[in-house]
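Welcome! Have the sequence and the 3D view open side by side, and let us walk through a few places together.

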Amino acid sequence: MTAIKHALQRDIFTPNDERLLSIVNVCKAGKKKRNCFLCATVTTERPVQVNVVKVKKSDKGDFYKRQTAWALRDLAVVDAKDAVKENPEFDLHFDKVYKWVASSTAEKNTFISCIWKLNQRYLRKKIDFVNVSSQLLEESVPSGENQSVAGGDEEAVDEYQELNAREEQDIEIMMEGCEYAISNAEAFAEKLSRELQVLDGANIQSIMASEKQVNILMKLLDEALKEVDQIELKLSSYEEMLQSVKEQMDQISESNHLIHLSNTNNVKLLSEIEFLVNHMDLAKGHIKALQEGDLTSSRGIEACTNAADALLQCMNVALRPGHDMLQAVKQQQQRFSDLREQFARRLASHLNSVFVQQGHDQSSTLAQHSVELTLPNHHPFHRDLLRYAKLMEWLKNTDYTKYEGLTKNYMDYLSRLYEREIKDFFEVAKIKMTGTTREGKKFATLPRKESAVKQETESLHGSSGKLTGSTSSLNKLSVQSSGNRRSQSSSLLDMGNMSASDLDVADRTKFDKIFEQVLSELEPLCLAEQDFISKFFKLQQHQSVAGTTANEAEEMDGTTLSRSHAAGLPQTVSSEKDMIRQMMTKIFRCIEPELNNLIALGDKIDSFNSLYMLVKMSHHVWTAQNVDPASFLSTTLGNVLVTVKRNFDKCISNQMKQMDEVKISKKSKVGILPFVAEFEEFAALAESIFKNAERRGDLDKAYTKLIRAVFVSVEKVANESQKTPRDVVMMENFHHIFATLSRLKISCLEAEKKEAKQKYTDHLQSYVIYSLGQPLEKLNHFFEGVEARVAQGIREEEVSYQLAFNKQELRKVIKEYPGKEVKKGLDNLYKKVDKHLCEEENLLQVVWHSMQDEFIRQYKHFEGLIARCYPGSGITMEFTIQDILDYCSSIAQSH
């Protein structure tokens, strides 16, 4: 390898002013072994350039040639593949990755080490050496020492050191002083050596001359040491003197510390005593107020409230560690507990008596509300009780058991009071709905027993069977004699009840106003009571609800409420809002049954009342839900709305059922069917009621069901009709339906309106064609034969040559239909149509005009055939189109 290295240096690198520092014999990985050499070189000129050169043996001889060169600064990564195991493979990352396999691992390691040293010496760039042993990557030797890179030539390079600027300047001065310095270097060196010896002698003489001064300096140092010893002796004596002073000062300091500690303890003790006195001392005025304070006057209530708050602060004071072990503190806490128990008992007893007293005062004012449809105002009662709201909050925080007992007593008593008021209120509403009066009945004797109220209600309303017999206005669908209905109505009126079949718009408006007044009276009553409960019992109305449902709340009575607060904390009721709803459910437990009874009564009076109730109830539910969707009022009205919706659906179902069961007389003409007229009445009423209503969607669904049922029933009756032709029944009724829908402009029934118009038009045309038929029958048969001949291929102008259809035969047929006969036939047709059609719908002129047009169309058809098949014959009908118009007009006027 040494011989190859010298040969490469001589033949390749020396001519290029380069020196070869390291060489490795390699071949490309994965290919046939074609050996080549990788050489690390540096240039001899400055600045030094470091290259990696690939040298390959020539194919034509034994000499080598330079193939590829890479600058070391372009090298990015050197990958030795494995830092532990011996592996001849390595990669060099220039512009791309070059994979090599060295002839031996030692050569690879020597080459990689040389690359690292060259990088450290000349480039100092970031070349990543991957999987290379740390032993190969040696640090550079310190500056000032020679560093061996590789080979003897590099050592010679390291011994050379450049002169700095000052050294160069000194040498130049010396060489200027000696002209032969360059021509005779040996003489110049000898001169320099002699001058150096002279300088050394001068230095020795200078040192020897300064010995005397050194001796003087040593004497001065000895004297200074003696002075230092004397000073140390004096300092020792001073230290002994200060030691006694230090002991005395330590005693004084210890005494001061004890005094300071005593003062600190006294201050802390005073602070503790002041804390207990300031926070656990209740004023005598407060104690007197708690024991004897007047709970009836506003001033006394205020004093008791302030005293109760002060007591609560004293009891809730946060004691410091150890305070609870003091006997005085224990005694004071016991005293506070006794005061709290005594005042809580006195407050609960007084509030119970206030509930009773206020209830009696409220009952005395019920008589004046009995005649009018109004509920008593509880505002004065609430206003008086709200003076105790802060005391109720105090009681809730200090003695939850008594607070809970007051809550239960309030619910028990108020539920009975409200039950009397609400039942009497609904009795007045029922009386106003039925239109009866209770003469001689006085309302001052309140509260009435429930049995008496029930008996009185039954006597007012009559038996349910009598009410049901004629409640639904759809009973008019049955085609019965109106005399029987009037006699039944008068008999009911004699009993003090109004027949629903005789109710007009005014009666329904009256019911609507009564029902609205009932809801308008109930709503503020419930809201006022709920607001009072939340303020008086200190319950929050606007917090998240995660409690029981409305049905579960109805089942919870006062006993359940009591059990739900074990250890003073609510367990079953998950929030105070649930407790408000449960209290409201207990207090107003009669509202929902009474509303359902009132709704049932309104439905019995007139099933159409369910429309009014649905609109009003929906509006009030919507209003209540906007205020509080989980409130008692919202829940109760929502439950009642379900009942109203069921009655509405039942009303629609009954109408559809009665349509299906309708029977038509076989001896009289049908005319406008009763259920068609009833649908018109229902739609007109519904549109006036549901204008801008929240539940318009329910009405639209009902419309769709009803109109389909009407269509089906009209078809059914038309098919079963014997007296009136089917086309007449369909034409008249669908014309009536179309007129109704056009007048009311119901957007959801636009498709049905178009369908009704189409059915009316189709059956009108069908009836006209069927009834008119062929008024000129023989003439029709004659021309049918003519058209048959033309259809067989005979030319129209040659038809007259046919024996059966010649001109003489045509004139014979025409003579059989003079103008008088035609007018007589039309007059009979008019009478026949008049018998079929009803006067209600007034379609006679429309049908007659359509028949006139159809007759003229046939006339024109005959004239056209005569003109085409008998040209130039001069044959014409014995009457003209104007004669037809005159006949039809005179016939219509005569009738």
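Glu172 is partly exposed, because its relative accessibility is 48%, and partly exposed covers the range between under 20% for buried and over 50% for exposed. Keep in mind as you look around that this is a predicted model.

To find Glu172, go to helix α4, which spans residues 165–177.

## A nonpolar patch

Now move along to helix α6, residues 211–279, where you will find Met218. Is Met218 buried or exposed, or something in between? With a relative accessibility of 45%, Met218 counts as partly exposed.

Here, too, there is a surface patch, this time a nonpolar one. Its members are Val214, Ile216, Leu217, Met218, Leu220 and Leu221, and together they have about 560 Å² of accessible area.

## A strand on the inside

Next, look for strand β2, residues 36–43. How many of the eight residues of this strand are buried? Eight of the eight are, so strand β2 is largely enclosed by the rest of the structure.

You can see this on both faces of the strand. Cys36, Leu38, Ala40 and Val42 point one way from β2, while Phe37, Cys39, Thr41 and Thr43 point the other way, and all of them are buried.

## The neighbours of β2

Which strands pair with β2? One partner is strand β1, residues 18–28, which runs antiparallel to β2 and is joined to it by eight bridges. A handy spot to check this pairing is Leu20, which stands opposite Thr41 in β2.

Another partner is strand β3, residues 50–57, also antiparallel to β2 and joined to it by six bridges. Here you can look for Ala40, which stands opposite Val52 in β3. Strands β2 and β3 form a hairpin, with six residues between them.

## A buried alanine in a helix

Our last stop is helix α25, residues 696–720, which holds Ala709. Why does Ala709 count as buried? Its relative accessible area is 14%, and buried means under 20%.

Ala709 also lets you compare sequence and space. Gln655 and Ala709 are 54 residues apart in the sequence, and in space their C-alpha atoms are 9.1 Å apart.

How values were computed. Residues numbered from 1 in each chain as written. Predicted model: local features only at pLDDT ≥ 70, side-chain atom pairs only at ≥ 80, totals over all residues. Heavy atoms only, no water. Helix = DSSP H or I, 4+ residues; strand = E, 2+ residues; numbered from the N terminus. Buried < 20%, exposed > 50% of the residue type's maximum accessible area, 1.4 Å probe, protein only. Pairing = 2+ DSSP bridges. Patch = residues over 30% accessible without salt bridge, like charges linked within 9 Å, V, L, I, M, F, W, Y side chains within 5 Å. Areas by Shrake-Rupley, 256 points an atom, 1.4 Å probe, with all protein chains shown as cover. Salt bridge = Lys/Arg side-chain N within 4 Å of Asp/Glu carboxyl O.
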